[in-house]
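Biologist: I am new to this structure. Please show me how to read it, feature by feature.

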Amino acid sequence: MAIRQLPPNLINRIAAGEVVERPASVVKELVENAIDAGASRIDVTATGGGLSLVRVTDDGAGMGPEDLALAAERHATSKLAGDELSHILTLGFRGEALPSIGAVARLAITSRAKGAKEAYAISVDGGRKSPLKPAALGAGTEVEVRDLFYATPARLKFMKSERAETAAIADAVKRLALAHPEVAFSLSTGERTTLRLDACPPGLLDHALARLGRILGSDFVDDALPVQAARGSMTVQGFAGLPTLHRPNGMQAYLVVNGRPVRDKLMAGTVRAAYGDLVPHGRYPMLALFLTLPPDEVDVNVHPAKTELRFRDPNGVRSLLIGALREALDAAGHRATASLSQSALQRMVQPSGASSPSPMARPQTYASQARPRSFGFAERAQAPLADVAAPSADMRGVAREDDTDAADYPLGAARAQVQDTFIIAETEDALVIVDQHAAHERLVYERLKGALANGGIARQMLLIPEVAELDGEAVASLLSAADELERLGLVVEAFGPSAVVVREVPALLGTCDVKGLLSDLANTLLEAEEEGEGRRLLAAKLDQVLSTMACHGSVRAGRRLSPDEMNALLRDMEKTPFSGQCNHGRPTYIELKLSDIEKLFSRR
Ligand SMILES: Nc1ncnc2c1ncn2[C@@H]1O[C@H](COP(=O)(O)OP(=O)(O)OP(=O)(O)O)[C@@H](O)[C@H]1O
Ligand SMILES: [Mg+2]
């Protein structure tokens, strides 16, 4: 076959293949254009998962008739002043988005330039452009994209469920909204508005934080650690979630470079390295980092979707981020090695001066203030000692006349519970500290797995069914997996558009945090849909689903246990495989040898 020059329409369709992967890419391109046009409010509507209609309206600079006529031409852009690609300050610069969209859908643009008396409209239908005509529009620009991929039906076969596409659109809007808190946003499915964000007045950290709370949730804001550092002409600002805030996927790690949301491997890898083993294997921290650097230090012309980057000084970026994150995490008192007994001992030997006051001098903790002091059955035996020796700890002793003998068991005999969180046990030659939640979680998980393998998970009816309010996507994904969840012992039913009601839970879970469980499960399900697992959902994510259940069904930190319960937990741990680690990879207990403790007191 002879070589031929391809016709423009075919070229545009080929380009569209790269730029417009799915409806969310259309939303991303149109919202970016609106931000580049200086909009202060952007409204997005997407129906049918964005395949029937995507409409983006903005109140930005708009376009006059000449510009509008050129906007949907290939390689036509107002964003490159000279011939340099090294000073890109806008989100767009390729002049490809609108012609690509017009090649594979029905595109209609209406726009009115700032200060102009009239608005104009133009449309491009599967690559065929209509002449410019006068139109009615108050200000700014409205872009409508209908019947996406009607001109390239093969692409339609690659679309995920309507819900998954809608979720991807929401994600695209959230990422851009996070990067641009000065702009007000709304997202609607046509029937209802699923996201409404007011513009946040400038003053970066606080103003970004207000929006962050709306996008990442209020638990993030409560637990977020401020991050701020500079290196030469580069700065990083933002918030890093505490390591305990981890999520099952990286969807909630927001990285923004010069106002552009990116998915950059170098940055993502650096974040992982900075958190190290603070975050369990296979889990991801929540964070939002804004990196600012001179435009010529970063090449954005790497990928058609412009979400990947190349840094001129990758090592500099890496060390800036690592340093900033480590500082924030260390300031919060989390050390990568904090859970290992050796380093725990080290810290006991060397309390580091003013920054960590001795335990005796520490003020009362919330736990001891919040609860009336009660020592349960051991009150007589322990109260005087506890009052004198442990003014700051909410500690409960277990009577020594208890018949469990320290020498009989590997994890010893329970002697006390501290802060309603840790069990202190004594073996023949060591002190064992057990994290009751982590330990119980592992036990529940192993039992759920065992039950499933042996004929099924028994259910228990809730006395009062629990209603959990969740967002629409979460509700839909839980309901679509209702049959499978029922097999795992969890019975959920619809309860209006933004809630589900739970009637039965796996009996093994005992009293569990139903709302937290459902929102984590919905997260896992949405992720599986996103990965295209569809029907094989639970097969693919079974371990994760069971582990989520175990986590929410476990004895929480903060629950008071009786001595029998404590000893029963220790005995169960001894019988259960892998009980030295919780499902998240954290240790469930540490053991301090008596010989080491003696060293602390210079007895050896
Ligand atoms: N919402 C809008 N308001 C004002 N002008 C717009 C808007 N959308 C597009 N334009 C104009 O149309 C031009 C073409 O848009 P298009 O998205 O195709 O390319 P681009 O944004 O320049 O580059 P890229 O392909 O990287 O997005 C833009 O350069 C801009 O001048
Ligand atoms: Mg653009």
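Modeller: We start with the ground rules, then go to the ligand, the helices and some single residues.

Biologist: What kind of model is this?

Modeller: This is a predicted model: local features need pLDDT of at least 70, side-chain atom pairs count only at pLDDT 80 or more, and totals for chains, interfaces and linings use all residues. Residues are numbered from 1 along each chain as its sequence is written, chains are lettered from A and ligands numbered from 1 in the order in which they are written, and side-chain values use heavy atoms, with hydrogens and water left out.

Biologist: Which residues are closest to ligand 1?

Modeller: A residue is near a molecule if one of its heavy atoms lies within 4 Å of it. Here 22 residues surround ligand 1, and Thr77, Ser78, Lys79, Glu96 and Lys306 are the closest. Two helices, α2 (23-36) and α4 (97-104), each supply at least two residues of that shell. Helices (H or I, at least four residues) and strands (E, at least two) are DSSP runs, numbered from the N terminus.

Biologist: Which polar atoms lie 2.9 Å from ligand 1?

Modeller: A polar contact is a pair of N or O atoms within 3.5 Å; within protein, one must be able to donate a hydrogen and the other to accept it, and residues adjacent in sequence count only if both atoms are side-chain atoms. Aspartate 58 places a polar side-chain atom 2.9 Å from a nitrogen atom of ligand 1. Glycine 95 has a backbone N or O atom 2.9 Å from an oxygen atom of the ligand. A polar backbone atom of leucine 98 is 2.8 Å from an oxygen atom of ligand 1. The protein covers 94% of the 590 Å² of accessible area that ligand 1 has on its own. Those areas come from the Shrake-Rupley method with a 1.4 Å probe; for residues, only the protein chains shown count as cover.

Biologist: Is aspartate 58 buried or exposed?

Modeller: Buried means under 20% relative accessible area, exposed over 50%, partly exposed in between (1.4 Å probe, protein chains only). Aspartate 58 has 11% relative accessibility, so it counts as buried. Its place is in strand β2 (residues 53-58). The C-alpha atoms of aspartate 58 and phenylalanine 185 are 9.6 Å apart, although 127 residues separate them along the chain.

Biologist: How do I check the span of a helix?

Modeller: Multiply 1.5 Å by one less than its number of residues. Take α14 (residues 436-453): its 18 residues should span 26 Å, and its end C-alpha atoms are 26 Å apart, which agrees. Helix α17 (residues 514-530) has 17 residues and reaches 24 Å, close to the 24 Å expected.

Biologist: How many residues of α14 and α6 are buried?

Modeller: In α14, 13 of the 18 residues are buried, so this helix is mostly covered. In α6, 14 of 18 are buried, so α6 is largely enclosed by the rest of the structure. The buried residues of α17 include Val514, Leu517, Leu521 and Ala528.

Biologist: What is found at the ends of α14?

Modeller: At its start, a side-chain oxygen of aspartate 435 comes within 3.1 Å of the backbone nitrogen of histidine 437. Just after α14, glycine 455 takes a positive phi of about 100°.

Biologist: Which residues have a positive phi although they are not glycines?

Modeller: Phenylalanine 149 has one of about 70°. This residue sits in the loop between β7 (140-146) and α5 (153-156), and is buried at 2% relative accessible area. Asparagine 258 has a positive phi of about 50°. Its loop lies between β12 (253-257) and β13 (260-262). At 31% relative accessibility, asparagine 258 is partly exposed.

Biologist: Is glutamate 66 buried or exposed?

Modeller: Glutamate 66, in helix α3 (residues 65-71), counts as exposed at 61% relative accessibility. Its C-alpha atom is 9.9 Å from that of tyrosine 120, 54 residues apart along the chain.
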